[in-house]
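Grab a viewer and a pencil. Here are some exercises, each with a worked solution to check yourself against.

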Amino acid sequence: MKLTTVLPILAALASSVFAVPPPQKDEQTPEFFAAKAAMQVVAAPPSPITIPTTVSFQSVVNPLIAKVDVPKIEAWLTKLTQFPERYYKSNNGVAAAKWIRDTVQNLTAPPGTKLTVSLYTHANWIQPTVIARYEAATATSLKGIVITGTHFDTYAIGHPNGVGGANPAADDCASGSSALFESLRILTTNGFVPGRPIEFHWYAAEEAGLLGSYEIAKDYASKAIPVVAYLNLDQSGYVKKGTTPVIGIFSDYTTAAATKFVTATAKAYSGLPVVENQKCGYECTDNAAWFDAGYNSALAFESSNANAFPYNDVVNKDGSPLDTIDQVDMNHVAAFAKNTIGFIVELSLVGGSVPVPTSAATSSSAPASKTTTTAVKTTSAAAGTCAHNVCTSGTKLVATCSDCAKAVCAADSYCCSSSWDATCVKEVAQYCTGITC
Ligand SMILES: *[C@@H]1O[C@H](CO)[C@@H](O)[C@H](O)[C@H]1NC(C)=O
Ligand SMILES: [Zn+2]
């Protein structure tokens, strides 16, 4: 992805490196214009449902996002940046795709689910796109699928060896790639059973003009595959010094319904303030491919347009990198994983019933989760160990009541040994991610 804010830097680089300045919007290659033109001949089927405007599955999402693991995000992201580059025409770019596939293959699908992963081979270059699909073992009656994606390829503008030169590209886009993987890892390791199938796409060749996503979105539209919505991640890790971390929601090359919904999930689940109505001004990343195909699409980005990482896709004149791992705030990436989990879980379930959580759910004021919460309470009271919600003071709870009780009691053993008093309720805000009392 390249935002227009980077232009002064590019221009400065270009004047010293190139006889002719490079195109200002590096995704706008001749291949990009060909791919966009080819898209005009297809029309995607409409979403099988009306996208909701508010969240309604907090009782399912909150326990999941509480499990998002920053060290695991960092470990995966670090490994992806250790390929010399991930250029779409290079063997390293292919190896990176195979490594992503293998990390997905190493996840275990829990009972009642099915996880498949494959390499999508493109016609005109060697780097494949990685597609993982997570679904219920037995198809549900819910129509359509939910897709989330990001690119993992790299560019190195200014490199002595050309754009295929070395670049760890930690922010653009190992960060989004890692948030995507963590979202899938959380669903599989916590027994989540999708309603609608959920697909995770790691795209090849975005930097060369959204080439991977154009080919795939066109393929899906040609096959009339119904998609409820597509959520794109791109840079997800940079927080400009002196600014408050936010999630930027983009309103161009996205649809209003999907954008409104991702705004709702970001507010409910990311833990960050949301900056709406940001604009790329052109087809700057893969959501444009799904948008151009006629699908609902949205983009959640690391910042406002103005505060984006300024050194994406560029390296120093001597080839040394600028987009290095120390530019990435792993907690920021975690917020994008949480938002992604919220978006895909909600849209996977909407229109169906609320699955009963396997462990005691905690607070929720959402009407849709009432039945579940009540059911859990009854069970818990009978067991005599989880007599009340973590947001209510009362008798001591046991750590096995919920992840939240466990976290609070780990920090303050009084809550599990004597009584769950007002202090314990206050501590929920501190130790339980995603739960507000
Ligand atoms: C997959 O798991 C095996 C066994 O733990 C491990 O040796 C291998 O490195 C893993 N592959 C990846 C790509 O993480
Ligand atoms: Zn990017």
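**Ground rules**

This is a predicted model, in which local features need pLDDT of at least 70, side-chain atom pairs count only at pLDDT 80 or more, and totals for chains, interfaces and linings use all residues. Residues are numbered from 1 along each chain as its sequence is written, chains are lettered from A and ligands numbered from 1 in the order in which they are written, and side-chain values use heavy atoms, with hydrogens and water left out.

**Exercise 1. Get an overview: how many helices and strands does the chain have, and what share of its residues is buried?**

Step 1: Count the elements. There are 14 helices and ten strands; these are DSSP runs, numbered from the N terminus, with helices being H or I of at least four residues and strands E of at least two.

Step 2: Check burial. Of 437 residues, 57% are buried (under 20% relative accessible area, with exposed over 50% and partly exposed in between; 1.4 Å probe, protein chains only).

Step 3: Look at the contacts (heavy atoms within 4.5 Å). Among those with a separation of 6 or more, 79% come from residues 24 or more positions apart.

**Exercise 2. Work out which residues of helix H14 are buried and which are exposed.**

Step 1: Within H14 (residues 422-431), the buried set is Cys-424, Val-425, Glu-427 and Val-428. Viewed down the helix axis, these residues fall within an arc of 155°, so they line one face; the arc is taken over the directions from the helix axis to the C-beta atoms.

Step 2: Recall some helix geometry. An α-helix has 3.6 residues a turn, so residues three or four places apart point the same way.

Step 3: Turn to the other side of H14, where Ala-422, Lys-426, Ala-429 and Gln-430 are exposed.

Step 4: Find the packing partners. The buried residues of H14 pack against helix H12 (403-411), helix H13 (414-417) and strand E10 (419-420).

Step 5: Zoom in on the start of H14. There, a side-chain oxygen of Asp-421 comes to within 3.1 Å of the backbone nitrogen of Thr-423. That's a polar contact: a pair of N or O atoms within 3.5 Å; within protein, one must be able to donate a hydrogen and the other to accept it, and residues adjacent in sequence count only if both atoms are side-chain atoms.

**Exercise 3. Is Gln-127 buried or exposed, and which backbone oxygen does its side chain reach?**

Step 1: Gln-127 is buried, at a relative accessible area of 0%.

Step 2: Follow the side chain of Gln-127. It reaches the backbone oxygen of Arg-86 at 3.0 Å and the backbone nitrogen of Ala-205 at 3.2 Å.

Step 3: Move over to Ala-205, in the loop between strand E4 (198-203) and helix H7 (211-222). Ala-205 is buried too, at 0% relative accessibility, and has a positive phi of about 55° despite not being a glycine.
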